[in-house]
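Trainee: I would like to learn how to read the features of a structure, one at a time. Could you take me through some cases, giving the general idea before each one?

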Amino acid sequence: MNIQEGLMNLWNSTGIVNFVQPADPAIENCFEQFLHMHGMWMMIIICLFLLWLGIKKQFEPLLLVPIAFGGLLSNIPVCDIAGPHGFLGIIYEAGIHQGLFPLIIFMGVGAMTDFGPLIANPKTALLGGAAQFGIFGALLMALCIFGFTLPQSGAIGIIGGADGPTSIFVTSKLAPELLGAIAVAAYSYMALVPVIQPPIMKALTTKKQREIQMTQLREVSKREKIVFPLVILILCAIFLPDACPLLGALTFGNLCKECGVVDRLSDTMQNALINIVTIFLGLSVGSKLSADQFLTVQTLFILVLGIIAFSVATAAGVIMAHIMNMFSKTKINPLIGAAGVSAVPMAARVANKVGLEANPQNFLLMHAMGPNVAGVIGSAVAAGVLLALCN
């Protein structure tokens, strides 16, 4: 090889040459041809926008920043960082494809979550259950209207649970080819809870209903808090074993928190372990934001179905609260029904904020944590149902 050929090879290996892909004669549609040729530039712009949302607007920055940066890395040409032998590809295979990272995240969530409000007022579990209507509504729409397969529809529907790890876990099992779009949709809508939920909550309630003050919750004993995760796991093992990986991780983390004899383990799950896995989870999800996988018509459909699923889940929780008030002497504030989605604790904070706007003496945070925790459990149960139904 002479110097001229060497220099030409060096030039051809630069990003300047490879950021624009050559036209593909097999692609006849002009729009698709444009995406094929210029997709990497477009995805880099999208990832920079996601970084801006995470850094400037602080929308779920702990996940949005690594996801966006992973997307930047996956769209660098030639080096194949997201390929099966690349840095991100290896992390993805070990943590996402095998389903490890979402389970560790669930352990950390369990260790950080107080099940007390749900134990003190168990009827709020109905609100968390009602919010799962968004999942199955989106599944039917994806299947019957948009033409997705049943496994793909199940993966898309789980976005309605507003639970990122659950969405990733289910999608990695049912439709790994949709992981990038579904993960971004799930975490984006989780981050936008304070924007999406209040208009729906206000549209379905009157000011008088939003002013309802709820009685203080009873004190929950330590014994109840220890027994509760064990009961949940046993019931899951009996009736829906497919949900046991997620619920098992959640209940183990919570048991370590509540039993009081393994504080070092609980502290590790709440801090070091979940932080390390969050980094790898975000980067590996971002590896699926490459232009050839993300810039498709399917992605647009997924984003639309995701917002529908999340909105229906929010509305269903509020409507269930109205139904419960029809048969109960002790009224509950219907705003806490919106916290039935499992965006913990953001959805509970939004319910509390909207309640305070209507009545400055109305503190709903602890009451809203009941359906919020029930939503986490409900989304894991829904995931088990989808895995059993669609596999």
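Trainee: Is Asp114 buried, partly exposed or exposed, and which relative accessibility does it have?

Mentor: The general idea is a scale of relative accessible area, computed with a 1.4 Å probe and protein chains only, on which buried means under 20%, exposed means over 50%, and partly exposed covers what lies in between. Asp114 has a relative accessibility of 26%, and therefore counts as partly exposed. Before we go on, note that this is a predicted model, in which local features need pLDDT of at least 70 and side-chain atom pairs count only at pLDDT 80 or more, while totals for chains, interfaces and linings use all residues. Residues are numbered from 1 along each chain as its sequence is written, and side-chain values use heavy atoms, with hydrogens and water left out.

Trainee: Which residue does the side chain of Asp114 meet in a salt bridge?

Mentor: Side chains of opposite charge can pair when their charged atoms come close. The term salt bridge is used when a side-chain nitrogen of Lys or Arg lies within 4 Å of a carboxyl oxygen of Asp or Glu. Asp114 meets Lys225 in this way, with 3.3 Å from N to O. Lys225 belongs to helix H15 (residues 222-239), whereas Asp114 sits in the loop between helix H6 (100-112) and helix H7 (116-120), so the pair ties together parts that are 111 residues apart in sequence. Helices here are DSSP runs of H or I with at least four residues, numbered from the N terminus.

Trainee: How many salt bridges does the structure hold?

Mentor: There are 6 salt bridges. Among them is the one between the side chains of Lys257 and Glu258, at 3.0 Å from N to O; Lys257 is partly exposed at 28%, while Glu258 is buried at 11%. Another joins Lys353 to Glu357, whose closest N and O atoms are 2.9 Å apart. These two residues are 4 places apart in helix H20 (residues 346-358), which means that about one helical turn separates them. Salt bridges with shared partners also link Lys202, Lys353 and Glu357 into one network.

Trainee: Which side chain does Gln152 join in a polar contact?

Mentor: A polar contact is a pair of N or O atoms within 3.5 Å; within protein, one atom must be able to donate a hydrogen and the other to accept it, and residues adjacent in sequence count only if both atoms are side-chain atoms. The side chain of Gln152 has such a contact, of 2.9 Å, with that of Glu177. Gln152 lies in helix H10 (residues 150-157) and is buried at 12% relative accessibility. As for H10 itself, 6 of its 8 residues are buried, so the helix is largely enclosed by the rest of the structure. Its buried residues pack against helix H9 (133-144), helix H11 (164-174), helix H12 (179-191), H19 and helix H21 (365-390).

Trainee: Where does the side chain of Asn372 reach a backbone oxygen?

Mentor: The backbone oxygen in question belongs to Val341, and the side chain of Asn372 reaches it at 2.8 Å. Asn372 is found in helix H21 and counts as buried, with a relative accessibility of 0%. If contact is taken as heavy atoms within 4.5 Å, then Asn372, leaving aside neighbours within four places in sequence, has contacts that include Ala339, Val341, Pro345 and Ala348.

Trainee: At what angle do H9 and H21 pack?

Mentor: Axes are lines fitted to C-alpha atoms, for helices over the stretch in contact, and angles run from 0 to 180 degrees between N-to-C directions. H9 and H21 pack at about 30 degrees, and their axes are 10 Å apart. That makes H9 roughly parallel to H21, since angles under 35 degrees count as roughly parallel, over 145 as roughly antiparallel, 65 to 115 as roughly perpendicular and the rest as oblique. Ile135, Phe136 and Leu139 of H9 make the contact with Ala382, Val385 and Leu386 of H21.

Trainee: What angle do the axes of H13 and H19 make where they cross?

Mentor: Helix H13 (residues 193-203) and helix H19 (residues 297-326) cross at roughly 45 degrees, with axes that come within 10 Å. That makes H13 oblique to H19. Residues of H13 including Val193, Ile196 and Ile200 take part in the meeting of the two helices, and on the H19 side Ile307, Phe310 and Val318 are among those involved.
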